[in-house]
Structure formats: structure tokens, C-alpha cells
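Dear colleague,

I am handing over the structure that we spoke about, and my notes on it follow below. Please read them with the sequence beside you.

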Amino acid sequence: MLVILHPNIDENSAAFQTTWTHLENLPRIRIQKHEVQGRQQKLTEIYLIGDTKRLSLEAIAALPAVERVVRISEEYRILGRHQDEQRAIGFDYNGIHFDQDTLVIFAGLCAVDTKEHVEAMLRALRENGQTCTRMGAYKPRTNPYSFQGHGKGCLPYVFELAGKYGIKVIAIEVTHENHLEEIDQCLAQAGEPTGVMMQIGTRNTQNFELLKAIGRQKKYPVLLKRGFGISLAESLNAAEYLASEGNSNVVFCLRGMKNSFAEPHRNMVDFSHVPVVKRLTRMPVCIDPSHSVGSRDRAPDGILDIFHTTAQGVIAGANMILVDFHPEPAKALVDGPQALLLEELPLFLADIDIARQAYLQRLQLSKKGA
Ligand code: PEP
Ligand code: MN
């Protein structure tokens, strides 16, 4: 059961204390508080966990601090929808808004290799009006002898250059909770010139201790990749781990499923699940066409497979795109074969715009039909 308190409730008020004491003393019920800081107000939600069937919804709704009570029948207690369309969806971070209606593009390097490549990438983004990017510093590699990423060594110049080129949010994968501290320290030392979205990769989707550690902090939003070989429900539960620890500013990323039938693509593209994730949860949905397709192959119509799959995700309502670019793919230390070229960025953005307009038209059409 979900108990939503009046917005901006003061925890020292008599109304809050009476309500909290009442809920705390309900037999065989555990309570968990979750706070959501919106643009204008702070929302406090209390989750009642346990034998809630015999509780009276009306009696709880009558408590002084309570605005509404919602019976939760489905999974994903915090991130789910529960037929409750009134609860806010999405969040703001460093001037960028993420929700299930917007579309934000994170084009950038799969892995940071040289400062020059970072600068060339960021310059191209600025020239094309982009304010978000991806920059891998900690790379989880299949082979222990492969390049593992520059780690914290590259963060000072990445952050400094991000500030110089007006980047607001950088998606950076973290594979250990220490990376969170390193990023936090480097950002502070650089004077917080940009923001970071903590990316949890597909190899760590069910690394529960990492999820808990990243979920315990609320400063940085999280981009959680779908696990490549587990069910959608298992991946959504992984997202719920982040929320249950306190951080519900989570974007869920579809990146394809490992499956031999996916060949010649690297993974089986799963962007038809964009509307499914939106229906099951309140998370904005990201697509990663680069790690799904894994190559620069082109269809006979002349369009790259990466462009085609991106359009498929966008026309289905995707809210974020994470995509690999590189100024010199032949010199890239990770995933060069799937990188788009900086010269292709304007074309890529224009192609996305066509698919986005088509999605918006489909929305209008569906509203007319409803
Ligand atoms: C990445 O985005 O750099 C990455 C490693 O992706 P994934 O975790 O989806 O393989
Ligand atoms: Mn990669």
C-alpha cells in the first residue's frame, strides 16, 4: 500500500508525527519512507509492506498528514504505475528534464582515449546544439588484457572540457561503488562544471550491492542498462533496487539481448519494448542502438542499421538515445567498428527528428481515435 502525504509536509509537525506513529504501530506491517524532490515541491511517500490486505484504505486516508492512499497490486512498488497517473513521472537534473514524453540525446565516446578526441567530440556536440554526452572511463571488458578505460585519470580533463563546451550531463558507467566517490571528488575539484548520470552496464544489472550503493545517493541520476540475458521483469526489479534505496531518478536503457539469432547484429534489438517499459513503470526509456547493432553495416537503401534501429526506438516513443561516436573510429580503443563519425552527427540528428515528428503525429492520431 502506498500512502502519499501532503506536499512539503514538515516532519516535525503534529500531523506528520501522529500519522507516522499510527503507521509504525500497525501489526505485521513494515513501513518505508521515500522522498521525491520535484521542481516545486517535495513529496513524501510511505510504503506499507507486509499484510496490508486487511488494512482499511479509508482509515489510513483519514490520518492528518495523508493526501491519498493507493493500493499497490503490481510489482515495482516505487517505480511502477499502479493505475495511479497522478504521481509525477521524471525528474530534472542540471537543467535537463527527463520524463516519458521528452527526448534527450547522449552522443559521445564509448571510451575516453585521448584528450584531443574528447575535445573534438564535444566541439561537434556544441556545433550541433547538444548538451549531453557519453564518456566511458571505467570499461567492463570481456578480455582482461583489453583496454580497461583510463579510470579517474581522465576525469579532470573530461569535466573541464565539458564545462568549456556547455555540456550539462555526461553518462559515465561505474562498475564499482568507489567510482562514484572518484567521480564526485573529481567533479568537486573541477568546480562542478557539468553533471554526471551514473550508468550501470548490462553486465552489472543484477550486481545488487552496486545497485544499493548507487541507489543510496541522490545527487546523481542513474542510467540502468537492461540485463542482456535476463527477463525484462528481472531488469525492472533491478531498477527498483535503486529506488528502494532512495534514488528513483532512474532512466531504463534497452540495449539489445544476447542471442545467437541476433546475428549479424551484436544483440537482438529490443526497442519494441519501449512502450512496454513505459506501461509497467514511470521511468523514462533510453535506447542504445550502438551496442544493440554493433556495426556500421548499411541496408541497400543506403541507411545505416544503427540509424534504422534508432528510428524504430524513437518512433515507438523513446526518451533518450545513448549512442557511440568517434572522431577516428580506426583509432578507438573500444567499439570502434560501431562508432558513428562526427560528420554523421547532423544527419543522425535530422533523421531522429523525422522519427520523433512521426511519433508525435502518431500520438495526435491516437488521441483523435480515442
Ligand atoms: C556501454 O554503454 O559502454 C556498454 C558497455 O554498454 P552495455 O553495458 O550495454 O554493454
Ligand atoms: Mn561499448
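**Strands and the manganese site**

Strand β1 (residues 2-5) runs antiparallel to β3 and is joined to it by three bridges, where strands are DSSP runs of E with at least two residues and helices are runs of H or I with at least four, numbered from the N terminus, and where two strands pair if DSSP finds at least two bridges between them. This is a predicted model, in which local features need pLDDT of at least 70 and side-chain atom pairs count only at pLDDT 80 or more, while totals for chains, interfaces and linings use all residues. Residues are numbered from 1 along each chain as its sequence is written, chains are lettered from A and ligands numbered from 1 in the order in which they are written, and side-chain values use heavy atoms, with hydrogens and water left out.

Within β3, tyrosine 47 is the bridge partner of leucine 2. Strand β2 (residues 29-37) also pairs with β3, in the antiparallel sense and over nine bridges, with isoleucine 31 opposite leucine 48, and a hairpin of four residues joins β2 to β3. Of the nine residues in β3 (residues 42-50), seven are buried, meaning under 20% relative accessible area with a 1.4 Å probe and protein chains only.

The manganese ion (ligand 2) is coordinated by Cys110 (SG), His291 (NE2) and Asp335 (OD), at 1.9 to 2.4 Å; donors are N, O and S atoms within 2.8 Å of the metal (3.2 Å for Na, K and Ca), and sites may look incomplete because water is not among the atoms. Histidine 291 is buried, at 9% relative accessible area, and aspartate 335 is buried too, at 19%.

Best wishes

Terms used. Buried means under 20% relative accessible area, exposed over 50%, partly exposed in between (1.4 Å probe, protein chains only).
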